[in-house]
Amino acid sequence: MDEYDSLTEAVFLVLPKTSGTSKAKGKGKDRSSETNDHFKLDGFQQLQDVNEPWEATELRHALFNKTWDEISSRIENVMLNMNTIVLSAIYHFVDSAYTQTAIRAIMPIQELPAGLIFAGINVPDHDLLFQQIARILSSPTPPTNESAPAVAIKEQSNNHVVILQSKDCVNLKAALKSMIEQFLGLGIAGAVNPLEGGMRLQNHDMIVLERWYRSVCDLREEHEKRPTLVLIIQDFESFDQDTLQDFITICSNYQDRIPFVFIMGLATSIDALHQGLPKSVLSLLQTRKFQMQQSSECLTAIIEDLFIHANAGLMVGPLPLKQLIDQFMHYNFSVGGFVANLKYVVMHHFYANPLSILCDRSLSADSKVLNLLGKGHFDHIRMLPSFQRYVESKVKSDPQAAEMLLLDDGFLTLHVPDLVQGLQEYHRSFSLVFDFLWFLQSRFSLSVLKKSKRALYFMALEGALTESSNITLLLSLVRKMNSNDMMLFMEDCVQFFKNSPRCSPKNSLQQENTMDRELVILQSIRDRMAALLDVVSEDSVTSSSEVEDNDEQQQEQGGRMGSIATDRSTSTFVKKRKLFSVKAEETESRQTRIAKKTRETARLPKGALGAYTVLVTEIDDFIARLFRTYLACHSSIPLNEIFYYSQVAIQQKAFLPQPRASIQTALGQPELYLNCDCCHPPAGSARSSNLADMVLPTQHDTCILYKLYVECGRMINMYDWFTAFGMILERDIGSNQTGNAGGDAEDESSSKKKRGRGKSKVDRAAKASHEKNIELDQKEVQARFISGVAELQFMGFIKPTNRKTDHVQRLTWGNI
């Protein structure tokens, strides 16, 4: 077999020169500048199927960078906002670690403050989290957020923070050296470096850190707070336990001179801390737990911010989004992996889609992007399924416009901005109505309705949300509300839409959007229901009190006058609140559930009950129409393919590799991977067209065994397999000996004539040597067979079985 030269061959890329004076050289200069531009645009190339101009390629590259910068910044903000409350608590813990001097002086041994951060099981995602913690602890002010409680800080903190990882702390010397070098490398102006001049000290000696800290404190005013040295142990479970024990003990001994604070990252539970450190070391730590947000909650928040609220420039279709979520849930629970996969989706959309130049939310009729559209772009637009459905819908209403959309490129150019703006309007309305659905679901405590935002959004992408049983059950619960709860519900709904930025007051009627008109309809229903209940409350005070008086008279004859007074006061309260609530004394009375419902419906006379039922039906129709109209599937909107990525096959090929297919292809057709001549069929072979089925003795031993393996059944006899393998190897030996057969026969006949019939000692020695060589050859075949079988077992093709000791079991089927 030839050597594997293809695995080590070098590849050299020679770029053309950019200088030149003649016309020919000028053309070469343009070509080289185009090549340089290709590398300048991160591999973005001109799409030849649409004859794309170079300006459009630059625009796609610019839109990719803009979109991804916005997405990455939003993801980072989401991750920071998710943990703002915990980060504020960590900041306050570090800031107040050495402020309680009076309490700490009573203790005979000062304990090291240690914060235990439970960040989740995915350790690679901890890099970004602990970098944020280090940046926040180094800042003079704590993180702020509207939902986070305000933490009072008496004065600005000045913490010095270093991060220690297990890969840099293989032993105690390396750990101390890494800590001291990071602290001394902070670059504090005026601080003395003990390693420069003076007494020669080792860079892992704690005296170096003590002198440096003393020089830092001397530079501060007397009223200023002493700085705190924060040690972040990022991956506690990966540290050598003996090294960590000695490191904590040394820092505890220097605590009276250097204020240390430990921040330890735990991936599992607090049991790892108790199992890794003995009691003597644990007694030196004053621990406090901090629980970070779970990765699944972070993923839901990212999807909500990027896609549900339509803040991202690019949306993801149902199948690619399912692929991203499944890979997150079933493989690693890694938010970083989800972000990396999402970046590939964004890159591929702008890299291979010529219509991605229209993926701009600020696209208008005056945009210069429309001038870059060519014949190929218009053909791609007309081939979009959503655009074809849009044209078909216009055939009956406006056949002339439908014809011009298919034939006139200029007319289509004028309609593209309107269609893109319609898609933007759909996103904004979808976001508001989706939040209203979540608001409606949160009003009921049924476990059947407890679906996450991520699940609801995925149902909306698939087009199954509007007809789902979840919405049907919600509407039935709304219809079953009593008058008080219904009125409160209407007030909350009106307030919800008013608080949305989509329904802010407009200066003119032309600026009103669809949500403004829906708010007007909702307010009209609310006002009519309030007027009806006002009239009913005026007429039902007497009837309500009479019903309650009769109930009290039947139950208790002696206390009739007191109950009448209580009921009248309750009716007066209901009249003032317009039936918004029920008196607590009424709900706590000794009444059955049926009596309560009877008393509630007694407030609505028969004449008003019909009007109230009409209003309830109108509310039900209004909410159903909202969901049916604004939560419709995105595939019904024209040109949705421009903003929605749906190439799931390419995504699966990139992030779900199939190693079995590659291994089987390499074993069945090694010539596709190896640059050698021995794997190719001989010249003039009749079976050269079906090389995958040919078993050549010059191929690799594992390839030969695999081709014999695919011809076997479920159980493989090892002796038969070995015999077939040896017979194939004998072909190569036989072919090599065929050419020398004639010469060997002549030499043998001449030697027989010379020696006669007798055998000399030399002939006997030669025969013994030949037999020995044959025996060595068989041992070599056996060794090669065992090695190949071991490789197949390692790759998972076979396994030993106890049913037959001289057999192995086949594990794979379906030859590629």
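In what follows, a residue is called buried when its relative accessible area is under 20%, exposed when that area is over 50%, and partly exposed in between (1.4 Å probe, protein chains only). By this scale Leu 639 is buried, with a relative accessible area of 1%. The structure is a predicted model, in which local features need pLDDT of at least 70 and side-chain atom pairs count only at pLDDT 80 or more, while totals for chains, interfaces and linings use all residues. Residues are numbered from 1 along each chain as its sequence is written, and side-chain values use heavy atoms, with hydrogens and water left out.

Leu 639 sits in the loop between helix H25 (606–630) and strand E7 (644–645); here helices (H or I, at least four residues) and strands (E, at least two) are DSSP runs, numbered from the N terminus. The phi of Leu 639 is positive, near 60 degrees, in a residue other than glycine. Most residues other than glycine have a negative phi. Asn 51 is a further non-glycine residue with a positive phi, near 50 degrees. Asn 51 belongs to the loop between helix H1 (23–40) and helix H2 (54–82), and its relative accessibility of 65% makes it exposed.

Turning to the sheet, five strands form an open arrangement in the order E2-E3-E4-E1-E5, with parallel pairing; two strands are taken to pair if DSSP finds at least two bridges between them. Strand E2 (159–164) and strand E5 (285–291) are the edges, each pairing on one side only. From one strand to the next, the twist averages 20 degrees. E2 joins strand E3 (residues 228–233) through six bridges in the parallel sense, and Val 162 stands opposite Leu 231 of E3.

Helices also pack on this sheet. Helix H3 (residues 84–95) touches strand E1 (112–118), E2, E3, strand E4 (260–266) and E5, and its direction makes about 165 degrees with that of E5. Such angles run from 0 to 180 degrees between N-to-C directions, using axes that are lines fitted to C-alpha atoms, for helices over the stretch in contact. Helix H5 (residues 126–138) lies across E1, E2, E3 and E4, and runs at about 165 degrees to E2. Within E3 itself, Thr 228 is buried at a relative accessible area of 5%. Setting aside residues up to four places away in sequence, Thr 228 touches Tyr 98, Asn 158, Asn 159, His 160, Pro 259 and Val 261, where contact means heavy atoms within 4.5 Å.

What does the largest nonpolar core contain? It has 113 residues, and those with the most contacts inside it are Leu 342, Leu 358, Phe 387, Tyr 457, Phe 489, Phe 497 and Ile 623. A core of this kind is a set of buried Ala, Val, Leu, Ile, Met, Phe, Trp, Tyr and Cys residues joined through side-chain atoms within 4.5 Å. Its largest share, 15 residues, comes from H17. A second, separate core of 39 residues includes Ala 175, Leu 244, Met 264 and Leu 282.

Phe 436 lies in helix H17 (residues 409–442) and counts as buried at 1% relative accessibility. Beyond its sequence neighbours up to four places away, Phe 436 touches Cys 493, Phe 496, Phe 497, Ile 623, Leu 626 and Phe 627. Phe 436 and Cys 493 are 57 residues apart in sequence, with their C-alpha atoms 8.2 Å apart in space.

Helix H18 (residues 453–462) is largely enclosed by the rest of the structure, because eight of its 10 residues are buried. Among those buried residues are Lys 453, Arg 454 and Tyr 457. The cover over them includes H11, strand E6 (315–316), helix H12 (318–332), H17, helix H19 (469–479) and E7. Apart from neighbours within four places in sequence, Tyr 457 contacts Ile 303, Phe 307, Ile 308, Met 315, Leu 321, Phe 430 and Phe 434. After H18 comes Gly 463, with a positive phi near 80 degrees.

Finally, the axes of helix H11 (residues 295–308) and helix H13 (residues 335–352) come within 10 Å and cross at roughly 30 degrees. H11 is therefore roughly parallel to H13, as angles under 35 degrees count as roughly parallel, over 145 as roughly antiparallel, 65 to 115 as roughly perpendicular and the rest as oblique. On the H13 side, Val 335, Phe 338 and Leu 342 meet H11 residues including Cys 298, Ile 302 and Phe 307.
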